[in-house]
Every structure is written in C-alpha cells, then in structure tokens.
Amino acid sequence: MIEDVVKELGHLTLGTRLKRTGELLQAQTQAVLASYGFEQPAAHFPLLAALDRLGALSVGELSQAVGVSQPVVTRSLKGLEDEGLVQSETGDEDRRVRRVTLSRKGRSLVQRARREAWPAIESAVAQACARSRGDLLSQLAALEDALATTPLLQRIQEA
C-alpha cells in the first residue's frame, strides 16, 4: 500500500486533510440521503436547515448562517428555487436585498429529512467519531479510518 503523504505530514497539511475528510463525509452523506429517497445534493441541506430554523434570510445572512461564501449560496439557491424548495422576494425596506424562505414543498422536505435521514446521519457520524482519542491529528486519523472501514450508510444499515 502506498504511503498517505497528507496524513504523514501532520500539521503541515492539516487544511488538505480536513478538506479531504469533509469531502468524504459529504459523499457518504449523499449516499445516505439517496438511500432515503432524497435527490437533492447534501450541500443544499444546511441551507434548507438554516431557513427552517431561522426563517426568512437575506443571501448574506444565509451565507453567515452556514459559513460559506455568498456566491456559493447564490448558486445553491438557484437550484433550490428551480426545484421549488425555496422562494425569494425583494425586501420592503431595501429593494436590493432578496429575502429567501422555504416554500411549502421545502418545508415538507425538511420535515421529512429531519424525521427520517438526519437522525440516522447524525448517529452514524457520532459512531464514527466515538473512538477518537488524543490530539487532533490522532482524532482525525481515527475518523478517517472509521469512515474508510465502515461508511455511514453501512453504519445505518447495521444499526
């Protein structure tokens, strides 16, 4: 087996390693969502959850709520609007500000996700993290190993 250089370089490549782990979690979350019949990208669910929890938000506020850039939020909202999951209107006070809310279809989707898929995903990720001990790099290695050994979907199916 070839050496995992990113893992071996430790703190020097921590950003790359965190990104790699994030992408792995995102891909496995997408597989879980698909197994529950959700077709939307996993990356859209934090936006939907934020709108569900916080109500109508501007693009800037939504960007802050989920911690991603405004251009990323704007692109994602286009897809969510095309699917009829969100709706937007210009603000009363400032016509340049667009306020985004969940549509009826979006609220229904979030309720179903919250009931069916999200608890399973949260439990599977917590299970994958449960054996993490030691410093951050050791914890990250344990999480990577756990996800490589038993993907989230398998953890859910075996629960």
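**Figure 1. Salt bridge between R99 and E61 in the predicted model.** The closest N and O atoms of R99 and E61 are 2.8 Å apart. R99 belongs to strand β3 (residues 98–102) and E61 to helix α4 (residues 59–66), so the contact ties together parts that are 38 residues apart in sequence. R99 counts as partly exposed, at 30% relative accessibility. E61 is likewise classed as partly exposed, at 33% relative accessibility.

**Figure 2. Salt bridge between D52 and R114.** The side chains of D52 and R114 meet with an N to O distance of 2.1 Å. Distant parts of the chain are linked here: D52 sits in helix α3 (residues 45–54) and R114 in helix α6 (residues 104–115), 62 residues apart. D52 has a relative accessibility of 30% and is partly exposed. For R114 the relative accessible area is 39%, which also makes this residue partly exposed.

**Figure 3. Salt bridge between K78 and D82 within helix α5.** The N to O distance for this pair of side chains is 3.0 Å. Both residues lie in helix α5 (residues 70–82), and their spacing of 4 residues is about one turn of the helix. D82 is exposed, because its relative accessible area of 56% is over the 50% cut-off. K78, at 48% relative accessibility, counts as partly exposed.

**Figure 4. Network of salt bridges.** The residues linked in this network are D4, K7, R17, R20, E144 and D145. In the model as a whole, the count comes to 12 salt bridges. Side chains of opposite charge can pair when their charged atoms come close.

How values were computed: Residues are numbered from 1 along each chain as its sequence is written. This is a predicted model: local features need pLDDT of at least 70, side-chain atom pairs count only at pLDDT 80 or more; totals for chains, interfaces and linings use all residues. Side-chain values use heavy atoms; hydrogens and water are left out. A salt bridge is a side-chain nitrogen of Lys or Arg within 4 Å of a carboxyl oxygen of Asp or Glu. Helices (H or I, at least four residues) and strands (E, at least two) are DSSP runs, numbered from the N terminus. Buried means under 20% relative accessible area, exposed over 50%, partly exposed in between (1.4 Å probe, protein chains only).
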